[in-house]
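Please keep the model open beside them as you read.

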Amino acid sequence: PHHWALLTEIGVGTAGFGIFFIFLGILLHFDSVLVAFGNLLFLSGLSFIIGLRRTFGFFFQRQKFKATSFFLGGVIVVLLRWPLLGMILETYGFINLFKGFFPVAFGFLGSVTNIPLLSPLFRRLQGTSSMV
């Protein structure tokens, strides 16, 4: 059981570094090497977190074929040194792949309001927002 926890921790770190390199590449005017390296780290981290079989099972479901094509096509376009176009394709694919997880993520962020120091901040933000 301990090696699964270690692989998950490695995966979270790898995916985190991947996201960091993607953002750094974007900040540096879509540096193709940083964005490509970030993509590879993110995808490998994801496979460490949930396993290779589940990663392939997630990406290659019949109903997610279009989204997967855009996402992985964007990764390939970035690797071919067209980072802006690749990131646009990836973003479209990412949103369509993970749109089922967004309500869960927003629900988690809503539960963060129970943290003492952040509660007043979230209440203030909720009061100024037109969306409730």
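1. Let me begin with helix H2, and with what lies over it. This is a predicted model, and in it the buried residues of H2 have a cover that includes helix H1 (2-27), H3, H4 and H5. The buried residues in question are Ser32, Leu34, Val35, Ala36, Gly38, Asn39, Leu41, Phe42, Gly45, Leu46 and Ser47.

2. A word on the geometry of H2. After H2 comes glycine 51, with a positive phi near 95°.

3. Which residues make up the largest nonpolar core? There are ten of them: Ala15, Phe42, Leu46, Phe58, Phe59, Ala67, Phe71, Val75, Leu97 and Phe98. At least two residues of this core come from each of helix H2 (32-50), helix H3 (52-59), helix H4 (65-79) and helix H5 (83-98). H4 gives the largest share, three residues. Another core, of five residues, lies apart from this one, and Ile22, Ala36, Val78 and Met87 are among its members.

4. Phenylalanine 71 deserves a look of its own. Its relative accessibility is 4%, so this residue counts as buried. Beyond its neighbours within four places in sequence, phenylalanine 71 is in contact with Phe42, Leu43, Phe59, Leu89, Glu90, Gly93, Phe94 and Leu97.

5. Now to the aromatic rings. The model has nine aromatic pairs. In one of them, phenylalanine 59 and phenylalanine 71 have ring centres 5.9 Å apart and planes at 20°, so they count as stacked, the cut-off being under 30 degrees. Phenylalanine 59 belongs to helix H3 and phenylalanine 71 to helix H4, so their pairing ties together parts twelve residues apart in sequence. Phenylalanine 59 is buried too, at a relative accessible area of 5%. Both rings belong to one aromatic cluster, formed by Phe58, Phe59, Phe71, Phe94 and Phe98.

6. Leaving out neighbours within four places in sequence, threonine 14 has contacts with Leu41, Phe42, Ser44 and Gly45.

7. Threonine 8 is also in helix H1, but this residue is partly exposed, with a relative accessible area of 31%. Not counting residues up to four places away in sequence, threonine 8 touches Phe48 and Ile49. From C-alpha to C-alpha, threonine 8 and glycine 45 are 8.4 Å apart, while 37 residues separate them in sequence. A polar atom of the threonine 8 side chain also lies 2.8 Å from the backbone oxygen of tryptophan 4.

8. An unreviewed UniProt entry places the feature "transmembrane region" at residues 12-30, 36-56, 68-89 and 101-122. How much helix is there over residues 36-56, and how far apart are the end C-alpha atoms? That stretch is 95% helix and 0% strand, with its end C-alpha atoms 20 Å apart. Over residues 68-89 the chain is 86% helix and 0% strand, and here the end C-alpha atoms are 10 Å apart.

Key:
Residues are numbered from 1 along each chain as its sequence is written. This is a predicted model: local features need pLDDT of at least 70, side-chain atom pairs count only at pLDDT 80 or more; totals for chains, interfaces and linings use all residues. Side-chain values use heavy atoms; hydrogens and water are left out. A nonpolar core is a set of buried Ala, Val, Leu, Ile, Met, Phe, Trp, Tyr and Cys residues joined through side-chain atoms within 4.5 Å. Buried means under 20% relative accessible area, exposed over 50%, partly exposed in between (1.4 Å probe, protein chains only). Helices (H or I, at least four residues) and strands (E, at least two) are DSSP runs, numbered from the N terminus. Contact means heavy atoms within 4.5 Å. Rings of Phe, Tyr and Trp (its six-membered ring) pair if their centres lie within 6.5 Å; planes under 30 degrees apart count as stacked, over 60 as edge-to-face and the rest as tilted. UniProt positions are given in the numbering used here, feature names are shortened, and annotations may be inferred rather than shown by experiment. A polar contact is a pair of N or O atoms within 3.5 Å; within protein, one must be able to donate a hydrogen and the other to accept it, and residues adjacent in sequence count only if both atoms are side-chain atoms.
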